[in-house]
Amino acid sequence: MTMGNALMARLLRSALDAGVELWDRAAVVDLLKDGNRITGAVIERNGERIEVTANRGVVLASGGFSANPEMRAKFIPYPDQHVSLVPETNTGDGLNMAMSAGGVMEEENLCNGAWTLMSLATHPDGTVTKFPHLFLDRPKPGCIAVNSRGERFADEAALDMVKDMHASGSVPAHLVCDHKFIKKYGLGMVKPGGMGLKKWINQGYIVTAPTLAELAGKIGVDAAGLEESARRMTRYASDGHDPDFGKGNPKDVGMGDPDHKPNPCLGPVETGPFYAVKVYPGDSTTTLGLRVDDRARVMDTAGQPLKGLYAAGLDMNSLWRGVPPGNGGNNTLSLTFGYIAALDMAQGEAHDKVA
Ligand SMILES: Cc1cc2nc3c(=O)[nH]c(=O)nc-3n(C[C@H](O)[C@H](O)[C@H](O)COP(=O)(O)OP(=O)(O)OC[C@H]3O[C@@H](n4cnc5c(N)ncnc54)[C@H](O)[C@@H]3O)c2cc1C
């Protein structure tokens, strides 16, 4: 296994080796309380409600609120068009249970989610694949993102491109490229080399036309605007400089094509046929969560820790306030605060006495 799967498999192996009993299809529906102390949780499993006593404490890690419609409406821009990558089971249960017990949830970060540019591919059986446009297509030379006026609104290579999508009201938008581009780098579900192009055109995921004006008509975008955006990008490709949005700046170039000159991120949009895929704002995590102290304990409205209640992962407010210093900013924090919570529980009352 590799990447996230390998991380989870190793954690599972460690848990099993340590004799941890794991329950699946077991939803926590309530917290047990004795006075001010959280003493356990109520779990629904196989149609039964089971009260589980926690001698040391309860750690909430139910993955934030991306799939909670009310919280999305409150905290996420364009909630009706927003496409989340997180599991549909992440409905904010941990946050709501903690708040019912007196805990505080932060309501505004610098960025309330790890925004991700998304497209949706519908299969013949009606199922939908959500595709995150991370780095394979949009930073590459010859891909432009346009709104309904056919205008670019962002540096397509920027990690926080969705912020500009929100700010300029370009929701939904389209990524547009020419034939040479799609054959080399792919576009969304079309893989580099152009693999899958015919299939995705037939399924309506990729729209194509011999000219930009015809493409604009098919995707509902202003034709003159799109032609002008393509013309400008083609000019910037030969200059190696994008004066409009700075695509291809030093932060971007690592995600471009190092063999493309003069700028790894700037290429022409001129050789028909042309292609477009519709894109939406989305998230790979929410960042708003429970206020915790340096021992991962959930804080109450009076700024005091709730005894026996901890939060980690996306149920804990982002220490970075939603703007991590680099990639891996979620998992490193989750692992660290999960460890801190466990350490605190292990030290238990002894820790409280020292404190
Ligand atoms: C495509 C993608 C790429 C990513 N890449 C990176 C990366 O490179 N680096 C990085 O640091 N982060 C990355 N992330 C983010 C990272 O995956 C998350 O931050 C992390 O998984 C959050 O862990 P969590 O335990 O808080 O939530 P999750 O892993 O979502 O787990 C929460 C679990 O709680 C369960 N649950 C919900 N409610 C209840 C309930 N009431 N009772 C019982 N269980 C419940 C859910 O079913 C779910 O299984 C990525 C995310 C995505 C989607």
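Val104 is in contact with Gly289, Leu290, Arg291, Met299, Asp300 and Thr301, leaving aside its neighbours within four places in sequence. The model is predicted.

**Val104**

- Val104 sits in the loop between helix H3 (93-100) and strand S6 (113-122).
- Val104 counts as buried because its relative accessibility is 13%, under the 20% cut-off.
- From Val104 to Met8 the C-alpha distance is 29 Å. In sequence, Val104 and Met8 are 96 residues apart.

- Domain 1 contributes 14 residues to the contact, and domain 2 contributes 15 residues.
- About 1,400 Å² is buried between domain 1 and domain 2. Carbon and sulfur atoms account for 62% of that area.
- On the domain 1 side, Tyr78, Val83 and Leu85 lose the most area to domain 2. Together these residues make up 43% of what that side buries.

**Polar and charged links across the interface**

- The rule finds 1 salt bridge across the interface of domain 1 and domain 2.
- Glu88 and Lys130 form a salt bridge. Their closest N and O atoms are 3.9 Å apart, which falls within the 4 Å cut-off.
- There are 7 residue pairs in polar contact across the interface of domain 1 and domain 2, both residues at pLDDT 80 or more.
- The side of domain 1 that touches domain 2 has 8 nonpolar, 5 polar and 1 charged residues.

**Asn90**

- Asn90 lies in the loop between strand S5 (83-84) and H3.
- Asn90 is buried because its relative accessible area is 12%, again under 20%.
- A polar atom of the Asn90 side chain lies 3.1 Å from the backbone oxygen of Gly63.
- The side chains of Asn90 and Thr89 are joined by a polar contact of 3.5 Å.
- Leaving aside neighbours within four places in sequence, Asn90 is in contact with Ser62, Gly63, Gly64, Phe65, Ser66, Ala67 and Asn68. Gly63, one of these contacts, also supplies the backbone oxygen that lies 3.1 Å from the Asn90 side chain.

Definitions and conventions. Residues numbered from 1 in each chain as written. Predicted model: local features only at pLDDT ≥ 70, side-chain atom pairs only at ≥ 80, totals over all residues. Heavy atoms only, no water. Helix = DSSP H or I, 4+ residues; strand = E, 2+ residues; numbered from the N terminus. Buried < 20%, exposed > 50% of the residue type's maximum accessible area, 1.4 Å probe, protein only. Contact = heavy atoms within 4.5 Å. Buried area = accessible area lost by both parts, 1.4 Å probe. Salt bridge = Lys/Arg side-chain N within 4 Å of Asp/Glu carboxyl O. Polar contact = N/O pair within 3.5 Å; in protein donor to acceptor, adjacent residues only side chain to side chain. Nonpolar A, V, L, I, M, F, W, Y, C, P; charged D, E, K, R; others polar.
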